[in-house]
Amino acid sequence: MHPEAAVVVDGLTKRYGARTVVDDVSFAIAQGETFALLGPNGAGKSTTVEMLEGFRTPTSGTARVLGVDPQRGDRGWRSRIGVVLQSSGQAGVLTVREILTHFARVFPDARDVDETIAAVGLTEHAQRRVSKLSGGQQRRVDVALGIMGRPEVLFLDEPTTGFDPQARRAFWELIRGVAADGTTILLTTHYLDEAEQLADRAGIIAGGRLLALDEIGRIGGAEARTPIVRWSDAAGRHEVRTTEPASFVRGLRGEPVDLEIVRPSLEDIYLSMIGEVEVDDAELELDEVAA
Ligand SMILES: Nc1ncnc2c1ncn2[C@@H]1O[C@H](COP(=O)(O)OP(=O)(O)OP(=O)(O)O)[C@@H](O)[C@H]1O
């Protein structure tokens with residue numbers, strides 16, 4: 001179906017009892033592509049990623065990573081995959097260099113330990129115990145471990161949670177470098193600017209269902225990105241959506257107060273999509289209560 005794709009997900013579904021947390025999700029990620037999975041808390045992002053990593057068993061549907069069913073991935077397959085889980089469980093008593101040196105031995109073609117430490121900005125802390133690092137610094141250790149084995153496919157589950165803005169930008173640079181080397185990346189994040197900075201394409205998931213799947217600049221379609229003109233006058237605040245904002249503004253009389261032209265951001269589009277699902281779910285719950 002997608003002979004060249006690094007990741008193929010087809011009808012992937014995960015149920016816990018009567019609850020469907022991933023609901024018939026399908027997408028493919030081409031080799032070398034960076035793909036972002038976006039969605040609110042509890043949407044099913046981590047569950048999807050963990051099925052691709054082979055850590056959870058799908059209820060139905062199929063997943064292939066580098067052509068292999070993750071449930072059947074052997075050590076050879078695993079050495080081609082890099083994983084940064086949502087929550088880390090690093091051995092705190094080891095120093096940054098010790099833990100990376102230890103993991104470097106596991107991979108057939110590991111990166112140089114000190115280069116990797118430098119890439120994640122931890123050179124100054126290389127001799128410190130991981131338990132003594134800040135949350136954001138510990139997260140960088142997780143990222144270092146994820147890229148250590150030069151993976152062909154890298155899974156990053158909320159990699160920059162707890163990073164300060166400077167560290168986040170440094171991380172983006174690092175990931176751009178990893179992507180430029182040809183690595184396929186699946187990223188989950190709550191930071192829409194992070195997705196815009198890094199991803200070629202994105203999927204938006206809510207309530208386990210994939211709501212949108214497109215190039216990052218096209219999510220929501222052209223309609224959703226139509227510019228908005230806002231201004232005030234004696235009658236109040238006005239808002240008009242138009243594909244020709246300049247002509248529209250020229251047609252306004254006098255000097256409109258607080259005039260602005262905005263192009264809806266990915267965040268605006270995302271929030272309106274998620275809002276619709278939440279309204280649907282709320283209606284469903286009300287129906288259930290009424291029934
Ligand atoms: N082992 C489990 N048993 C039952 N329900 C589970 C289990 N693991 C996850 N869930 C539920 O599945 C849903 C999806 O969880 P998941 O962690 O995939 O969401 P997420 O999109 O990654 O959210 P977040 O952004 O908060 O990390 C949640 O409602 C969660 O409570």
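**Close-up views of a predicted model**

**View 1. An open sheet of three strands has the order 2-1-4, and its pairing is antiparallel.** Strands here are DSSP runs of E with at least two residues, helices are runs of H or I with at least four, and both are numbered from the N terminus; two strands pair if DSSP finds at least two bridges between them. Strand 2 (19-30) and strand 4 (60-65) stand at the edges with a single partner strand each, so one side of each has no neighbour in the sheet. On average, neighbouring strands of this sheet are turned by 15° against each other, direction ignored; axes are lines fitted to C-alpha atoms, for helices over the stretch in contact, and angles run from 0 to 180 degrees between N-to-C directions. Before you look further, please note that this is a predicted model: local features need pLDDT of at least 70, side-chain atom pairs count only at pLDDT 80 or more, and totals for chains, interfaces and linings use all residues. Residues are numbered from 1 along each chain as its sequence is written.

**View 2. Strand 1 (residues 5-16) meets strand 4 over five antiparallel bridges.** Here you can find valine 7 opposite valine 65 of strand 4. Helix 1 lies across strand 1, strand 2 and strand 4, and runs at about 120° to strand 1. Contact means that the C-beta atoms of two residues, placed from the backbone, lie within 7 Å.

**View 3. The shell around the ligand draws its largest share, three residues, from helix 1 (residues 45-52).** Among the residues around the ligand are Tyr16, Val21, Lys45, Ser46, Thr47 and Gln86; a residue counts as near if its C-beta atom, placed from the backbone, lies within 6 Å. The shell divides into three nonpolar, seven polar and one charged residue.

**View 4. Helix 3 (residues 96-104) has Val96, Ile99 and Leu100 as its buried residues.** They cover an arc of only 95° around the axis, which puts them on the same side of helix 3. Buried means that 20 or more other C-beta atoms lie within 10 Å of the residue's own, with C-beta atoms placed from the backbone. The buried residues of helix 3 pack against helix 4 (113-119) and helix 5 (135-147).

**View 5. Strand 10 (residues 228-233) and strand 11 form a hairpin.** Two residues lie between these strands, which run antiparallel and are joined by six bridges. Look for serine 232, whose bridge partner in strand 11 is arginine 237. Of the six residues of strand 11 (residues 236-241), zero are buried, so this strand lies largely in the open.

Definitions and conventions: Nonpolar A, V, L, I, M, F, W, Y, C, P; charged D, E, K, R; others polar. Buried ≥ 20, exposed ≤ 12 C-beta atoms within 10 Å, placed from the backbone. Arc of directions from axis to C-beta.
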